Amino acid sequence: MTEDVVIAGAGPNGLMLACELRLAGVRPIVLERLRGRTEENRANGLVGQVVRALDRRGLYERLSGSAEPPRPSPAFVFGAMPLDLSRLDDNPMYGLPVPQRRIEQALEERARELGVEIRRGHELTGLSQDADGVTTEIAGPEGGYRLRTRYLVGADGGHSVTRKLCGIGFPGVTRDDSVSRGAHVTVPAELIDPVTGGLNVPGYGPIPPFMHHRTDDGLFVYAPFPTGTLVNTTEWHQDGGDQPMSLDELRQSIRRVLGADLPFGPPEGEGPHQLRRLTGGNTRLAERFRDNRVLLLGDAAHVHSAIGGPGLNLGLQDAINLGWKLAAEIHGWAPPGLLDSYETERRRAAERVVMHTQAQSALIAPGPEVTALRALFGELLRDERTVKHIADMMSGADIRYDLDGTHPLIGRPAPDLVLETETGSVRLAELTRTARPLLLDLTPGAALAGALHGRHDRVDLVTAKPSREGLPTALLLRPDCYVAWASDSPNPDVKELDTLRAALASAFGPAR
Ligand SMILES: Cc1cc2nc3c(=O)[nH]c(=O)nc-3n(C[C@H](O)[C@H](O)[C@H](O)COP(=O)(O)OP(=O)(O)OC[C@H]3O[C@@H](n4cnc5c(N)ncnc54)[C@H](O)[C@@H]3O)c2cc1C
């Protein structure tokens with residue numbers, strides 16, 4: 001028997017892809033070498049457009065516990081420089097402070113609800129490809145076995161076995177000149193500023209919360225998350241040693257970085273608590289994201305510094321981009337080049353992340369030249385347009401896919417809309433939870449009703465009234481909620497309807 005898709009790796013990105021495939025009618029098998037979910041916590045939250053993307057699958061509500069739509073954050077940080085986002089009219093920087101462990105748990109629950117088979121304790125160890133599929137070799141709890149599949153997706157992390165088995169290079173740089181130390185701690189209440197929520201460190205002064213704080217000797221972060229207070233330092237040109245990490249080591253590091261002692265105690269509550277030392281880091285981008293019937297996803301395709309927290313913004317959106325395209329191949333309606341557009345579209349997003357994480361790493365490094373560069377950068381950040389440029393870049397809102405058409409929304413994520421339908425008011429994010437392509441017809445006379453002839457199996461039509469003036473009158477949305485076509489005309493003419501048909505064919509294949 002041949003499976004449709006096997007996914008190696010039940011990290012966040014493999015699980016997200018599994019959910020997307022299932023929504024698109026494909027039944028993937030997920031292989032995960034670990035027998036249980038990892039206790040390690042990496043990300044402390046989601047940052048950027050991914051928060052909107054998860055809202056458009058109903059996952060934001062699940063993770064935030066709130067039925068309210070996501071709201072952008074009024075402030076963020078770039079290379080340890082504060083970004084005042086409250087000044088922006090169109091702030092793209094959404095955030096959701098939820099630990100990665102919890103995100104993985106929610107994605108796994110969702111995948112299981114959708115009927116995804118997750119095989120824990122099953123490790124991909126080998127693969128061979130031919131024109132029709134991939135034969136995978138797997139080491140399972142009861143021994144080795146083979147699984148034949150039409151496509152294999154390597155979502156198996158930065159050390160991806162899939163990538164190595166395909167001989168795909170992973171060029172980039174490895175830095176080993178910095179040491180980061182972090183731990184959950186308890187800080188005495190009298191050191192916490194009741195107004196800013198920041199720290200008042202005796203002998204040093206105020207330090208705002210969540211903002212990377214650079215000194216002449218390193219970097220300090222105080223992050224009072226609802227799930228626990230994290231304190232972090234980064235120092236350069238220092239040997240981390242090979243002793244087990246301890247709170248005392250963190251205390252000494254803080255003394256070197258701030259030149260003052262921060263009195264803190266061990267964390268309270270059950271945990272699991274973080275206590276870690278990381279040396280250096282990698283910035284690497286796979287030579288290609290596809291090798292015939294094998295695709296790479298998430299950290300398997302790209303790794304970079306965690307500064308600014310862009311990893312899941314990138315990887316989860318990779319999964320949302322890939323899911324519907326792979327499903328289209330399996331269902332047999334994918335137009336030529338659709339699957340390859342996964343790499344074209346997401347490589348650019350990955351290159352942007354590689355660029356801005358390296359730029360931020362340069363801005364937090366020690367030395368008087370960097371201090372001078374920061375002073376100049378600080379002056380540039382007084383200009384709202386610079387703040388907007390950086391916010392767009394960090395959030396991924398500056399990504400525009402190269403799709404045909406001149407409307408400014410084409411190639412961009414759909415705007416957040418509220419629509420008046422026959423059954424009442426609805427947010428667009430509620431209509432996209434099925435992950436089906438949507439043609440939104442907001443024209444006064446429902447002028448687009450006939451446009452989907454021959455494609456009703458693949459594209460849903462929604463007729464509604466816009467809730468306010470100034471919105472487009474029609475939008476064709478891909479399942480990843482990117483705009484494939486748009487119109488501002490209340491009654492699109494023949495020429496415009498031709499461009500709609502061309503967009504439908506280019507994204508969703510010929511009518512049948
Ligand atoms: C210290 C740190 C802090 C970070 N902070 C942030 C942050 O604040 N915000 C953010 O967005 N991102 C952050 N990241 C990045 C984020 O954690 C990663 O981008 C994310 O985990 C990648 O997900 P993934 O699913 O691609 O890979 P992984 O999470 O690495 O998952 C891969 C899975 O594949 C499994 N696997 C591996 N090999 C095989 C095999 N051969 N067969 C079967 N299964 C296999 C592994 O066991 C694992 O479960 C941080 C990363 C680190 C290290």
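In this predicted model, the axes of helix α7 (residues 311-331) and helix α8 come within 10 Å and cross at roughly 175°. An angle over 145 degrees counts as roughly antiparallel, and α7 and α8 are therefore roughly antiparallel to each other.

**Helix α8 and the helices it meets**

- On the α7 side, the contact with α8 is made by N313, L314, Q317, D318, N321, L322 and K325, while on the α8 side it is made by S341, Y342, E345, R346, A349, A350 and V353.
- Sorted by class, the residues in this contact of α7 with α8 are 6 nonpolar, 4 polar and 4 charged.
- Helix α8, which covers residues 340-364, also meets helix α10, which covers residues 384-395, and their axes come within 9 Å and cross at roughly 120°.
- The helices α8 and α10 are therefore oblique to each other, and their crossing is left-handed.
- The residues that meet here are R352, M355, H356 and Q360 in α8 and H389, M393 and M394 in α10, and by class this contact has 3 nonpolar, 3 polar and 1 charged residues.
- With helix α9 (residues 368-380), α8 has a crossing of roughly 115°, and the two axes come within 8 Å.
- In this contact, A362, L363 and I364 of α8 meet V370, L373, R374 and F377 of α9, and the classes are 6 nonpolar, no polar and 1 charged residues.

**Buried residues in strands**

- T136 has its place in strand β9, which covers residues 134-140, and because its relative accessible area is 0%, T136 is buried.
- A polar atom of the T136 side chain lies 2.8 Å from the backbone oxygen of L147.
- T234 lies in strand β16, residues 228-236, and with a relative accessibility of 11% T234 counts as buried, since buried means under 20%.
- The side chain of T234 makes a polar contact, at 3.1 Å, with the side chain of S180.
- Not counting residues up to four places away in sequence, T234 touches S178, V179, S180, G218, L219 and V257.
- R181 is found in strand β11, residues 172-185, and although arginine is classed as charged, R181 counts as buried at 3% relative accessibility.
- The side chain of R181 makes a polar contact with the side chain of E235, at 3.1 Å.
- From C-alpha to C-alpha, R181 and G115 are 40 Å apart in space, and in sequence they are 66 residues apart.

- F508 has its place in helix α12, which covers residues 494-508, and F508 counts as buried because its relative accessibility is 0%.
- Although F508 and R478 are 30 residues apart in sequence, they are 8.6 Å apart in space, C-alpha to C-alpha.
- Leaving aside neighbours within four places in sequence, F508 is in contact with W324, W333, P335, P437, R458, V459, L476, L477, R478 and P479.

**Loop residues with a positive phi**

- Most residues other than glycine have a negative phi.
- With a relative accessible area of 53%, N292 is exposed.
- A446, also a residue other than glycine, has a positive phi near 50°, and A446 is found in the loop between β23 (438-441) and β24 (460-463).
- At 32% relative accessibility, A446 counts as partly exposed, a class that lies between the cut-offs of 20% for buried and 50% for exposed.

Note on methods:
Residues numbered from 1 in each chain as written. Predicted model: local features only at pLDDT ≥ 70, side-chain atom pairs only at ≥ 80, totals over all residues. Heavy atoms only, no water. Axes fitted to C-alpha atoms, helices over the stretch in contact; angles between N-to-C directions. Helix = DSSP H or I, 4+ residues; strand = E, 2+ residues; numbered from the N terminus. Parallel < 35°, antiparallel > 145°, perpendicular 65-115°, else oblique. Left-handed = near helix turned anticlockwise from the far one by under 90°. Contact = heavy atoms within 4.5 Å. Buried < 20%, exposed > 50% of the residue type's maximum accessible area, 1.4 Å probe, protein only. Polar contact = N/O pair within 3.5 Å; in protein donor to acceptor, adjacent residues only side chain to side chain.
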